[in-house]
Amino acid sequence: GDITQEEIDRAKQYIIGSHDIGLQKYSSRAKQMGLDELYGLGYRHLERFPDKIETVDQTELQHLVDTYLNPDKAAISVTKPPGTEMTEEIVKKAWRL
């Protein structure tokens, strides 16, 4: 189904909050700045990250979901104990159908 604006807003809050929490230590900030420089994003990229997340809109996100999250093209890998029979129920649980 379509993604609701409420789901998008909640996901944005979670991503931005997790990002900020992850940067509370100076060592984490230094590491992220170094990686951002290495990837060519610039050491101040972490300051712009929340604004970039906020610009994602419902149309853009729905297009990405429709394009890249196609269940007909997905592969499922299930790890199970030896001797356990693979059943349709296990596959459905893996897909949460």
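Asp36 has its place in helix H2. The model that shows this residue is a predicted one. Asp36 is buried yet forms no salt bridge; the nearest side chain of opposite charge belongs to Arg48, 7.3 Å away. A salt bridge would require a side-chain nitrogen of Lys or Arg within 4 Å of a carboxyl oxygen of Asp or Glu. When neighbours within four places in sequence are left aside, Asp36 is in contact with Leu41, Gly42, His45 and Leu46.

Gln32 is also found in helix H2. Its relative accessible area is 28%, and Gln32 is therefore partly exposed, since this class lies between the limits of 20% and 50%. Beyond its neighbours within four places in sequence, Gln32 is in contact with Leu23 and Leu46. Gln32 and Gly22 stand ten residues apart in sequence, and their C-alpha atoms are 9.7 Å apart in space.

The helix that carries Asp36 and Gln32 may be considered as a whole. Helix H2 covers residues 26-38, and at 1.5 Å a residue its 13 residues should span 18 Å. The end C-alpha atoms of helix H2 are 18 Å apart, which agrees with that expectation. Just after H2, Gly40 takes a positive phi of about 80°.

Ile76, Met86, Val91 and Trp95 make a nonpolar surface patch of about 310 Å². Of these residues, Ile76 is found in the loop between helix H4 (58-68) and helix H5 (88-95). Ile76 has a relative accessible area of 39% and is therefore partly exposed.

Notes:
Residues numbered from 1 in each chain as written. Predicted model: local features only at pLDDT ≥ 70, side-chain atom pairs only at ≥ 80, totals over all residues. Heavy atoms only, no water. Helix = DSSP H or I, 4+ residues; strand = E, 2+ residues; numbered from the N terminus. Expected span 1.5 Å × (residues − 1). Buried < 20%, exposed > 50% of the residue type's maximum accessible area, 1.4 Å probe, protein only. Contact = heavy atoms within 4.5 Å. Patch = residues over 30% accessible without salt bridge, like charges linked within 9 Å, V, L, I, M, F, W, Y side chains within 5 Å. Areas by Shrake-Rupley, 256 points an atom, 1.4 Å probe, with all protein chains shown as cover. Lys, Arg positive; Asp, Glu negative; His and termini not counted.
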